[in-house]
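Visitor: Could you walk me through this one, please?
Guide: Gladly; have a look first, and then ask away.

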Amino acid sequence: MRYILGIDPTSGARSSLGLAMIDFQTMSIILTKDHTVAPSKELRVRLKSIASFLIKTFKEIELRNFGEYAIGVEQTVMQGPGGESLNRAIGVIMLTTPVNRPLFHISNMQMKVVAGGHGKADKKEIGTYLKDVVFKDNKESRELLFNLIASSRWDIIDAIGIGVTTYEKQYKKPSSEPAIKCVKAFKKSSNKV
């Protein structure tokens, strides 16, 4: 699969929904968007805002005619009311994605390992790892990531990481080298010898 669309979900309570399309043939980030949900205490209002944004965005993507693409969505496990509203937001994402596109769920830990270099990577480390390791050979994508880090656009950075992880987990052959080398994890393990 050449194109992967990564989506960082939100229920709109404290963060934005992030979205990023990656072209893995050229290793470039070709589309980024985020959506700040209209502030409301009522979850239904926030979910409708997310659904409207996604329906409009998927129409735009389909009109751009990228061809075949897959979708990766972060699957977050949270307890309590926040987790329940986030799961409902993920349900809205599932309902609004085009049915003819493969949809994959990526765990937060998988994304941190693949797109951040290790399982405890914070948002800034993920952005830096994507910029300096994953997209190191693409000037435009490096500049985009630099600007996203500088402006603290973590939801878009997470969406890029989810897209990279989806590609790595679903479309790389197990016998081949990883598309993204885990530099930090390698350095940590080599120090223990």
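Guide: Contact here means heavy atoms within 4.5 Å. This is a predicted model, in which local features need pLDDT of at least 70 and side-chain atom pairs count only at pLDDT 80 or more, while totals for chains, interfaces and linings use all residues. Residues are numbered from 1 along each chain as its sequence is written, and side-chain values use heavy atoms, with hydrogens and water left out.

Visitor: In what order do the elements of the chain run from the N terminus on?
Guide: Helices (H or I, at least four residues) and strands (E, at least two) are DSSP runs, numbered from the N terminus. The chain holds seven helices and five strands. Their order is β-β-β-α-β-α-β-α-α-α-α-α.

Visitor: What percentage of the residues of the chain count as buried?
Guide: Buried means under 20% relative accessible area, with a 1.4 Å probe and protein chains only. Of the 193 residues in the chain, the buried share is 47%.

Visitor: How far apart are the end C-alpha atoms of helix α1?
Guide: The expected span of a helix is 1.5 Å times one less than its number of residues. Helix α1 has 22 residues (43–64), so it should span 32 Å. The model agrees, with its end C-alpha atoms separated by 32 Å.

Visitor: Which elements cover the buried residues of α1?
Guide: The buried residues of α1 include L43, L47, I50, F53, L54, F58 and I61. Among the elements that cover the buried residues of α1 are β1 (3–8), β2 (17–23), β3 (28–35), β4 (69–75) and α2 (80–96).

Visitor: Which elements do the buried residues of α2 pack against?
Guide: In α2, the buried residues are G83, S85, L86, A89, I90, V92, I93 and T96. They pack against β1, β2, α1, β4 and β5 (103–107).

Visitor: How does α4 lie relative to α6?
Guide: Axes are lines fitted to C-alpha atoms, for helices over the stretch in contact, and angles run from 0 to 180 degrees between N-to-C directions. Helix α4 (residues 123–134) packs on helix α6 (residues 154–171) at about 55 degrees, with their axes 10 Å apart. Angles under 35 degrees count as roughly parallel, over 145 as roughly antiparallel, 65 to 115 as roughly perpendicular and the rest as oblique. That makes the arrangement of α4 to α6 oblique.

Visitor: Which residues of α6 does α4 meet?
Guide: From α4 come K123, K124, I126, G127, L130 and V134. Their partners in α6 are W154, I157, D158, I160, G161 and V164.

How values were computed
Buried means under 20% relative accessible area, exposed over 50%, partly exposed in between (1.4 Å probe, protein chains only).
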